Amino acid sequence: MKKLFKYILLTFLGLIFLVFLGGAVFMNISPQFGGKATGDRLAAMQHSPLYQDGKFRNPVETNMDLGFSGYLKVIAKTFNKDKNQQPDWSIPVQKIDPHRFTAKTDSLTKITWFGHSAFLIEIDGKRLLLDPMLGNAPSPISFLGTQRFSKTLPIAIADLPAIDAVLISHDHYDHLDYGSIQELKAKTGHFYVPLGIGAHLEAWGVPAAKITELEWWQETEFQGLKLVSTPARHFSGRGLTDRMKTLWTSWVIQGKQDKIFFSGDSGYFPGFKQIGDKYGPFAITLMECGQYNELWSNIHMMPEQTVQAHLDLKGKVLMPIHWGAFTLAMHSWTEPIERLQAKANALQVPITTPQIGETITLNQDLPTSSWWHKQP
């Protein structure tokens, strides 16, 4: 009996070792995990006041430890999850005709949502992509994890026109996608990213000359546009050992007439008012309102906080984002927009709710349909 027990124990330990060894090998040879900053990129990080003891820090104290009771709550909720975490119907997606990009661009600012936090912004004749995660799953392994709600994208990446610049908020899989960058790198003029993320792009074949890394409050000019990396309260990481090794950011995009704020991912914090005081007012704020929970409200706003952040930013119109594409939290898939809508109505904050793929034009009538309601 002792020999049998010893054999079983050794077999079990051996299997655990093989799993960890396989995981380590996979993470080291799989390109989707990205690269590590070295040379000038690492030096720029080390000289940043935001970087301490090998990690970037949030602008305010941000505890991300769920604690033992918190993990128990997550496990309990996982086994008793909301049945409405994803739609049981085919949500509407407006298809984009590639031929519309062959027409001469006008001076109007146009914004097209691809779901979650991915956008095409056309401003002052330039085309920008924001957090273009256009893959099927926000995961290093495409067949694992949550799958995209919509069966199709508004337009295939191959049918997109030349992109003047891509802006990335941080390196989580639902914002920075290896497959999407592979398809975009040849047709993109430049990439603007927070400190450290340039190493990922270079590892994926993007030339260093096409990458600009910025830290908070740093401004740059791009073909007549002002781009500003502004603070956010979040974190970063693509593997098991690189949490907070790259910076995360929000973005200010300032054109000749319109100013846009893009939140990336963030918990609520006083920085929104600082950004609003320095760069506001904004014609529109693109603000995260999904994938939240009270357990991690420090790094993802609750919908009511999203509305307050918009007011802090001195925004004119609020567009809720970071929902409508993936299940990454335990709430129902429609709860974010319903809670935000109720708070916005109470505070008389104008919001716009376009369908995925629907192009909105600033300073004109903006879509407000409740498209997330299943039609009978």
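Student: Are glutamate 122 and arginine 127 buried or exposed?
Tutor: This is a predicted model, where local features need pLDDT of at least 70 and side-chain atom pairs count only at pLDDT 80 or more, while totals for chains, interfaces and linings use all residues. Residues are numbered from 1 along each chain as its sequence is written, and side-chain values use heavy atoms, leaving out hydrogens and water. Relative accessible area sets the class: under 20% is buried, over 50% exposed, in between partly exposed (1.4 Å probe, protein chains only). Glutamate 122 and arginine 127 are both buried.

Student: How far apart are the closest N and O atoms in the salt bridge of glutamate 122 with arginine 127?
Tutor: A salt bridge needs a side-chain nitrogen of Lys or Arg within 4 Å of a carboxyl oxygen of Asp or Glu. For glutamate 122 and arginine 127 the value is 3.9 Å.

Student: Which residue meets arginine 41 in a salt bridge at 2.7 Å, N to O?
Tutor: The side chain of arginine 41 meets that of a glutamate. Arginine 41 is in helix H2 (residues 39–46), and its partner, 161 residues apart, is in helix H5 (residues 198–203); helices are DSSP runs of H or I, at least four residues, numbered from the N terminus. Arginine 41 is buried at 15% relative accessible area. The partner is glutamate 202.

Student: Why does lysine 314 count as partly exposed?
Tutor: The side chain of lysine 314 forms a salt bridge with that of aspartate 277 (3.3 Å, N to O). Aspartate 277 is partly exposed, with a relative accessible area of 45%. Lysine 314 counts as partly exposed because its relative accessibility is 40%.

Technical notes: Helices (H or I, at least four residues) and strands (E, at least two) are DSSP runs, numbered from the N terminus.
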